Amino acid sequence: VQLVESGGGLVQAGGSLRLSCVASGNIFSISTMAWYRQAPGKQRDLVAPITIDGITNYADSVKGRFTISRENAKKTVYLQMNNLKPEDPAVYYCRIWARTTRGDMEYSYWGQGTQVTVSS
């Protein structure tokens, strides 16, 4: 299973970015997909998860500014980030919980991360 993130970059404070994460490989099913972020010297924190039914949740720090969504047929999860703030810069990682075979256990997989930088 491979996860490839894209969409990171440099943006001015108040600007927007849209991150994408595409899963590929021997995937039978994906349940939850999520975005995490990790700033230098800090732990990796959950930003937002989304279930297979589209139920979402958000960290308090991004509520009202970030939107997570997914396209199940494309095995893709997105993170629309609006009104980016100086505290948002980090490496953003996607994570999925997936089965590679029917009836198999579910395992989580991580992407390699994409850098988001915000200039003030």
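Which residues form one aromatic cluster? Tyr36, Tyr93 and Trp110 do.

## Basis of the model

This is a predicted model, in which local features need pLDDT of at least 70 and side-chain atom pairs count only at pLDDT 80 or more, while totals for chains, interfaces and linings use all residues. Residues are numbered from 1 along each chain as its sequence is written, and side-chain values use heavy atoms, with hydrogens and water left out.

The structure holds two aromatic pairs. Rings of Phe, Tyr and Trp (its six-membered ring) pair if their centres lie within 6.5 Å; planes under 30 degrees apart count as stacked, over 60 as edge-to-face and the rest as tilted. The pair of Tyr93 and Trp110 is edge-to-face because the ring centres are 6.3 Å apart and the planes stand at 85°. This pair links distant parts of the chain, since Tyr93 belongs to strand 8 (residues 90–99) and Trp110 to strand 9 (residues 107–110), 17 residues apart. Strands (E, at least two residues) are DSSP runs, numbered from the N terminus.

Tyr93 is buried, with a relative accessible area of 13%, whereas Trp110 is partly exposed at 34%. Here buried means under 20% relative accessible area, exposed over 50%, and partly exposed in between (1.4 Å probe, protein chains only). Arg44 lies over the face of Tyr93, at 3.6 Å from the ring centre, and also over the face of Trp110, at 4.6 Å from the ring centre. A charge sits over a ring if NZ of Lys or CZ of Arg is within 6 Å of the ring centre and within 35 degrees of the ring normal.

## The disulfide

The structure has one disulfide, a term that denotes a pair of cysteine sulfur atoms within 2.5 Å. Cys21 and Cys94 form this link, with their sulfur atoms 1.9 Å apart. Cys21 lies in strand 3 (residues 17–24) and Cys94 in strand 8, 73 residues apart, and the pair thus links distant parts of the chain. The link is right-handed, with 40° about the S-S bond. Cys21 counts as buried at 0% relative accessibility, and Cys94 is likewise buried at 0%.

## Strand pairing

Two strands pair if DSSP finds at least two bridges between them. Strand 10 (residues 114–119) runs parallel to strand 2 (residues 9–12), to which four bridges join it; Val11 has Val118 as its bridge partner in strand 10. Strand 8 and strand 10 run antiparallel and are joined by three bridges, with Gln115 as the partner of Val91.

Five bridges pair strand 1 with strand 3 in the antiparallel sense, and the bridge partner of Val4 in strand 3 is Val22.

## The largest pocket

The lining of the largest pocket comprises 14 residues, of which Arg37, Ala39, Lys42, Asp45 and Glu87 lie nearest its centre. Strand 4 (29–38) and strand 5 (45–50) each supply at least two residues of this lining. The largest share, three residues, comes from strand 5. On a 1 Å grid over the protein atoms alone, a pocket is an open set of points where a 1.4 Å probe fits, with protein on both sides within 12 Å along at least five of seven lines; lining residues have an atom within 4 Å of a point.
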